[in-house]
Amino acid sequence: MALTEELPIYRATYRLLNMLIRATQDFPRFYKYSLGTRMVDVCLDMSMLLYKANNSYEKVELIKEFLSKFSILQMLLRVCAEQKVIDTKKVAVFALEMEKIGKQATGWKQYNEKGRVNNENKR
């Protein structure tokens, strides 16, 4: 089992967290303490779920929870973009990082679901 910090999905999520922290510092006060804080908290939760999933034999449920948090973060970023709290260039950068994370999480989930099915078939 690889160290969590070495996983590409963890590194991408960590980069996203740092990007969010920097971006939310420039938010107007109302958005900083509502959307900004919420986005950082969700991203921190995502990082913790990656750590738990990497150290667990039952990864699928944790990855599903990660993907649920990921969807919430996507929605919050869309709201920020629509409210023009984040400029278009930053939204594009966030979108690219989010796409990487989404693909990796979905692939990890599918891989572990196949492993679960194969293990059940061997019994």
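Author: Start with K64, which has 37% relative accessibility and so counts as partly exposed. Keep in mind that this is a predicted model.

Reader: Which residue forms a salt bridge with K64?

Author: The closest N and O atoms of the pair are 3.9 Å apart. A salt bridge needs them within 4 Å. The partner is E61.

Reader: Is E61 buried, partly exposed or exposed?

Author: Its relative accessibility is 48%. Buried means under 20%, and exposed means over 50%. The value lies in between, so E61 counts as partly exposed.

Reader: How far apart are the closest N and O atoms of E99 and K103?

Author: Both residues lie in helix α4, four residues apart, about one turn of the helix. E99 is partly exposed at 42%, while K103 is exposed at 58%. They form a salt bridge, with the closest N and O atoms at 3.3 Å.

Reader: Is E97 buried or exposed?

Author: E97 sits in helix α4, three residues from K100. The two form a salt bridge, and K100 is partly exposed at 42%. E97 has a relative accessible area of 7%. The cut-off for buried is under 20%, so E97 is buried.

Reader: Which residue is linked with E97 and K100 in a network of salt bridges?

Author: E97 and K100 are a pair, with their closest N and O atoms 3.7 Å apart. The network also takes in one further residue, R15.

Notes: Residues numbered from 1 in each chain as written. Predicted model: local features only at pLDDT ≥ 70, side-chain atom pairs only at ≥ 80, totals over all residues. Heavy atoms only, no water. Salt bridge = Lys/Arg side-chain N within 4 Å of Asp/Glu carboxyl O. Buried < 20%, exposed > 50% of the residue type's maximum accessible area, 1.4 Å probe, protein only. Helix = DSSP H or I, 4+ residues; strand = E, 2+ residues; numbered from the N terminus.
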